[in-house]
Amino acid sequence: MKQLLQNIRDGKTIIENIPIPTPREGQALVKVSASLVSAGTERMVVEFAEKSYLGKARSRPDLVKQTLDKAKREGIMPTVSAVFNRLDQPMALGYSTAGTIVALGKNMQGFKVGQRVACAGGGYATHAEYNVVPRNLLTPLPKNVDFESAAFTTLGAISLHGFRLAEPQLGENVAVIGLGLLGLLTIQLAAAAGCHVLGIDIDPKRIKLASSLNVESVLRPQAESAAAAFTANRGFDSIIICADTPSNDPVELAGVIARDRAKVVATGAVGLNFPRKVYYEKEISFINSRSYGPGRYDSNYEENGVDYPIGYVRWTEGRNFQAVVDLMGSGKLKVTPLISHRFDIEDGVQAYEVITGKKKEPFLGVLLTYPERKTKEERNVKFPSVVHRPSSIVKLGVLGAGLYANATLLPVIKNNKDFELIGIASSGGLHAQHSGKKFGFQYATSSEDEIINDKSINTIAILTRHDSHSDLVIKAIKAGKNVFVEKPLAITPKQLEQVTKTLSTHHSLLTVGFNRRFSPLIQNLKSSIGNRNEPLHAHYRVNAGYLPSNHWTQDPILGGGRIIGEACHFIDLITFLVGEAPVSVTAHALPNGGKYREDNVSMTFTFPDGSLGVVDYLANGDKSMPKERLEVFCEGMVAVLDDYVSLTTVKDGKKTVQSGAQDKGWRAEMSAFARAIQGEGEAPIPYEHLIGVTKSTFAAVESIRSGNTIKI
């Protein structure tokens, strides 16, 4: 399928051939008929992408600081690599489309194949021939609303939410400053609600267009005198700012034309330096409107499909969408007069030349259309220029093409002669296509099953979200594939039990992304204590950094929480040094205080030989400090590992320091995995460790909550 993409690194807007996405549970696959280009949000993205590296840095000083902190912790080259990888990720443009449902995932009651819908949401309602869209971002269309009109639904909801925030009453006076798309939609909504509306803009053509919609409008120079006459010198009850300008003039004008204790709502991006005197004297309330309505930016609502009870939240973003299409159906909201340009998706790049001013022509509503194609659409894209490696040991298929895949694992194995990269999958198709092309895979697809059932593949790498790990491990093992799965192996005891049972009845090779035990410095440390006769004590301090409680890794269903999802790394490292999995754990956490989510934790593990391992996993520190520090005490020796950059060993008064570029062991782990597949030894990580470490994370969480020591 064709999709419009923005490359943030080089600033190019391009049309790419992408695999048709596959709908997951709670999603529909929609064949798009029309999409609306946002002259605000999308123009800003494109203009940012077109800046030089220096220009990008100047516009985002917050990201520059994060980059400098990372360079201090991890070194310049790893930081540069990470930054370029981030910039190189393709960005899907668009957030307002309309089309027809052609396939449904599980649990999509109330929707059916063949149903006409409006679609919303960045990353979902993109400029592509097909989109997968979650249920709460889908709105059924009335029969008399065409696809081009329905493509305005998301923008209409932005206007409607801003209007609702003003809380206008029937018969009140409402001023709308800025008559671009948002403003022209807002004046119609206000008129439909029974308000007396005055539009204000600097462009005579837009004044004329507003008048054709039966709404009185004036140019900015006449705004103050017209406002006085319009309101009988009382001032406006509500002022809605829809302008898109860094100027403070709209905010200043709103204060002048407002009545005492009026409300001012900004739905557009405008300067916000308030003139205190007029806002103070009139006690004006100001609200910055946030997108489509309640539910926006709530992943539980938008991605998981959990609606808000109507008795508590009358107008969610989804109910705003429905109200907009109903107003279109009744003829009270007219969008056809607002369309200035139409482009076939094949010519979509021209749309951005229009909205960024490269084409010197006026514009308003810019639509992309999607004519029927005679060619058969595929769920995979092949890359015929790939160099094949018939002698490779590992014929690899990859599930998941996110940040970990692109920044960490795939760069490691791309040039490893033991690996031949066959296929890569991501449910949306886009990231698989980008990674497949970048790293030299033979094909990209949106279907996990296509990878798992491909007979030319003997090994599967699972790099998806944590909740899917165990199911995919089981499917891949049952298909006779060797499996590498990024940690964690499982996020519930039941999942782990199912994986363990599958391993006992099948003979595929399994390893987990516990890469730190393969680090050269850790290997050296292990060698120095390999013949110990006493228990050891290891203390691992992790400056993990803060993650908001709504991040997917914090979700017990999606990510399992940070102890299960990430602290398993550090438990495994100590397990490797000891040589056996823990037998008990006592864990304590700092109070969450409404900010944290059981991620400021001290865990003490005991091991069969009497060794002790302490893992302090902390989210309340400063991320500019190094992330990891390990101290090991054993038989008169002290070893200190600093963030996998240096290892200091002291014994008998003699100090030895080993240092170099940070190496957390990914390359060595994948090489060991390839050798094991070839038959040169056992699994790179003993299954007793994989299972024992995973059990230890479950026990640690139980200990935190119960306050007891838990036997594993």
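This is a predicted model: local features need pLDDT of at least 70, side-chain atom pairs count only at pLDDT 80 or more; totals for chains, interfaces and linings use all residues.
Visitor: What do the buried residues of α20 pack against?
Guide: They pack against α21 (562–578), β28 (628–634), β29 (637–642), β30 (646–651) and β31 (654–659). Helices (H or I, at least four residues) and strands (E, at least two) are DSSP runs, numbered from the N terminus. Buried means under 20% relative accessible area, exposed over 50%, partly exposed in between (1.4 Å probe, protein chains only).
Visitor: And which residues of α20 are buried?
Guide: In α20 (residues 520–528), those are Leu-521, Ile-522 and Leu-525. They sit on the same side of α20, because they cover an arc of only 95° around the axis (the arc of the directions from the helix axis to the C-beta atoms).
Visitor: New topic: where is Ser-446?
Guide: Ser-446 is in the loop between β20 (443–445) and α17 (448–452).
Visitor: Buried or exposed?
Guide: Ser-446 counts as buried, because its relative accessibility is 3%.
Visitor: What does its side chain reach at 2.4 Å?
Guide: The backbone oxygen of Ile-20. The Ser-446 side chain also makes a polar contact of 2.9 Å with that of Thr-22 (N or O atoms within 3.5 Å; within protein, one must be able to donate a hydrogen and the other to accept it, and residues adjacent in sequence count only if both atoms are side-chain atoms).

How values were computed. Residues are numbered from 1 along each chain as its sequence is written. Side-chain values use heavy atoms; hydrogens and water are left out. Contact means heavy atoms within 4.5 Å.
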